[in-house]
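User: I would appreciate a close look at one part of this protein, together with an account of its surroundings. Please keep to what can be read from the model itself.

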Amino acid sequence: MKIRTATMDDLDSITAVEAACFPPEEAATREEFRDRLAHYADYFWLMFDGGRLIAFVDGFVTDEPDLTDEMYAKADMHNENGAWQMIFGVNTLPEYRRHGYAGQLIEYAIRCAREQRRKGVVLTCKDRLVHFYAKFGFQDEGVSEKSVHGGVVWHQMRLTF
């Protein structure tokens, strides 16, 4: 499986994978992805099976220590020199799940953040996935007070280097 960063040419594929992975109230729109790609395409890590996008991880860099709902909609909040790598989405097409692809992408994103000398990586997840992210060293900081994205309860998870 090949991993690379995104370009605007990946917009439709990214949007399709997101729609297959999240319900509409939680999924980012094509327009949101267009804005994200315009601001931080190098912080989209894409995995391909041949020419097919099967999984991706995305998020921007900021000095803000906590992930907030505002960040999802405002790609211009990206700060190339920020201290924290945020992860907004971990997406794997349903038919490719349970093969370790998401884990490979998470490890890749962590490695990139380390190499860029960030303080660490922050994400939010549903309760059922807390144990999954803990395997990568993320610590559960409890239910997020700053993110209720999609009307869901999210746990904030942090990996500090």
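The request concerns the residue Gln 85 and the elements around it. Where is Gln 85 placed, is Gln 85 buried or exposed, and with which residues is Gln 85 in contact?

Analyst: The model is predicted, and the description below should be read accordingly.

Gln 85 lies in strand S5. Its relative accessibility is 0%, so Gln 85 counts as buried, the cut-off being under 20%. When neighbours within four places in sequence are left aside, the contacts of Gln 85 are Tyr 43, Trp 45, Gly 59, Phe 60, Val 61, Ala 113, Gly 120, Val 121 and Val 122. One of these, Val 121, belongs to S7 and stands opposite Gln 85.

The strand pairing gives the setting. S5 covers residues 84-87 and runs parallel to strand S7, residues 120-125, with four bridges joining the two. Both strands belong to an open sheet of five strands with mixed pairing, in the order S4-S5-S7-S9-S8. S4 (61-62) and S8 (139-143) are the edge strands; each has a single partner strand, so one side of each lacks a neighbour in the sheet.

Another contact of Gln 85, Ala 113, is among the buried residues of helix H4. Also buried in H4 are Tyr 101, Ala 102, Gly 103, Leu 105, Ile 106, Ala 109, Ile 110 and Cys 112. This helix spans residues 101-115, and its 15 residues reach 21 Å from the first C-alpha to the last, close to the 21 Å expected at 1.5 Å a residue. After H4 comes Arg 117, with a positive phi near 60 degrees.

The largest nonpolar core comprises 54 residues, and Ile 14, Phe 44, Tyr 133 and Phe 138 have the most contacts inside it. H4 gives the most to this core, namely eight residues. Among the contacts of Phe 44, neighbours within four places in sequence being left aside, are Ile 14, Phe 33, Arg 36 and Leu 37.

Terms used:
Residues are numbered from 1 along each chain as its sequence is written. This is a predicted model: local features need pLDDT of at least 70, side-chain atom pairs count only at pLDDT 80 or more; totals for chains, interfaces and linings use all residues. Side-chain values use heavy atoms; hydrogens and water are left out. The expected span of a helix is 1.5 Å times one less than its number of residues. Buried means under 20% relative accessible area, exposed over 50%, partly exposed in between (1.4 Å probe, protein chains only). Two strands pair if DSSP finds at least two bridges between them. Contact means heavy atoms within 4.5 Å. A nonpolar core is a set of buried Ala, Val, Leu, Ile, Met, Phe, Trp, Tyr and Cys residues joined through side-chain atoms within 4.5 Å.
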